[in-house]
Amino acid sequence: MQNLYTQLDAVIAAHSEQPCLILDDHKVWKFKDLQRVVAAAAGRLKALGVTPGDRVVVQVEKSPHNLALYLATLCVGGVYVPLNTAYTEAELQYFVQDASPALFVGGGDRTDVTSATMDVRGEGSFFADTLADGIDKLDEMAAALSITPRQGEDLAAILYTSGTTGRSKGAMLSHANLSTNAQALSTAWGWQADDVLLHALPIFHVHGLFIASHCALLNGTPMRWMDKFDAAKVQQALADCTVMMGVPTFYTRLLALKDFPAVNLDHMRLFVCGSAPLTEQVFEQWQSRTGHTILERYGMSETIINTSNPLHGERLPATVGFPLPGLELRIADDDGNPLPTGEVGTIEVKGPSVFSGYWQMPEKTASEFRKDGFFITGDLGTVDVHGRLSIVGRAKDLVISGGYNIYPKEVERALDEMPEVLESAVIGVPHPDFGEAVVAVIVPVNEPVTLTQVDAALGSQLARFKQPKQIVNVDSLPRNTMGKVQKNALRATYQDVVDQAVT
Ligand code: AMP
């Protein structure tokens, strides 16, 4: 295994005259344009003192130049550390201290670390010098581009996990982790030479940066590149695409468009969804409105993609499919012992795309890997007799009420089936008697939903101890950029809701 960029550069060179990025203003970057800007960025990184193994922390808006900066970091053997653009200065402080980068590329100058600025068009100080040299100079640079040799196990990126729970941890991913997963996905999803990927995901996250971009780059196919998700624009853009990758919110927002689908979608080859659970209702509505069956898959920053519904064969709602080739997956009890088929337990995985550990957290790393090398994902799941995985919640999401365990996902699924409920999130809050009580935070379709309605609807489906003790109606659920409901925020807001009701 070599530097991942060596592999990508060969594809880029072979497709140099073909479109690579199709932008909102209909400008097109050909593969050779991307290669030139990668070369310029690689030169600039070296000039700024980045050497192999150095971290490059990047907090910039999504742009073609941002993509080039990622590839250039790989090219010079650096370790790419993308950060959510929504992080505040205080949060940024933590990441910069933790990653101790050789360079920070962001929107403003920093004094605590070597830094360079880059605006949305990549025209900050980072690129200014090189781009000013003109196209001929860039061509020369691209021709002379030397790629720093790397071993498969060498670090390529550190992804700080979403931070929905506790202190953010930096998942260390190697060139081999990225390369094997990209190859496996491109095969699993049958990537075709004429595919056009609709890319509206952020590229500071595993989904947009690796899963989506790598499939297109590895195959030399174009991406319809959108700086952010805008449902109306995405709907129009789908007319010229064949594959879309998105989080569930993409799908719900598209379905919420009054005229959806206003464009013919018959030509679409694949709709892929992940990063958060897709409800059965959205899965089914999408099927009935578009005729397409969403392919749901399951992954995380630490492992990239683990499982996928099949390209050919039945895609079932509320399941995330089968392990990718080479991945070992088991459902285990709290001690890592495999559980029988059909039982709920922690999902543990081992394979070529699984990260090597958390950056500078040896103890945390040791506690999240089993002795036999399996990574404890923290997700709860069950595998059926055919080997299909379903996720039922997160270990940290578990609610324990009166000594009984409740998996929020199961309750949410039941609530979401109520015609009065648009969506829901189930949390555990302190309860004077039971320790924790189940509370349902509900976004109603119209009128506020009452506890009596919920009792009536769930009474025959779920054991009494699983049913919500309290209902809170809200206008919308708090979500992070990747569409995940922020349960910590809900728990903090509603921690007194049951106590107050009891007293
Ligand atoms: P992140 O590292 O931010 O991508 O978050 C990874 C987590 O997202 C996983 O551990 C799961 O809890 C969740 N996740 C990812 N894909 C799915 C999916 N298809 N269904 C349910 N949860 C998912």
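Select Leu71: leaving aside residues up to four places away in sequence, its contacts are Tyr5, Leu8, Leu34, Val38 and Leu217 (contact means heavy atoms within 4.5 Å). This is a predicted model, in which local features need pLDDT of at least 70 and side-chain atom pairs count only at pLDDT 80 or more, while totals for chains, interfaces and linings use all residues. Residues are numbered from 1 along each chain as its sequence is written, and side-chain values use heavy atoms, with hydrogens and water left out.

Together with Leu71, they touch the most other members of the largest nonpolar core, which has 120 residues. Such a core is a set of buried Ala, Val, Leu, Ile, Met, Phe, Trp, Tyr and Cys residues joined through side-chain atoms within 4.5 Å; buried means under 20% relative accessible area, exposed over 50%, partly exposed in between (1.4 Å probe, protein chains only).

Move to helix H4, residues 89-99, and pick its buried residues: Leu92, Phe95, Val96, Asp98 and Ala99. Down the axis of H4 these fall within an arc of 165°, so they line one face of the helix (the arc is that of the directions from the helix axis to the C-beta atoms). Helices (H or I, at least four residues) and strands (E, at least two) are DSSP runs, numbered from the N terminus. Strands S3 (55-58), S5 (103-106) and S7 (155-160) are among what covers the buried residues of H4. On the face turned away, select the exposed Ala90 and Gln97. Just after H4, Ser100 has a positive phi of about 35°.
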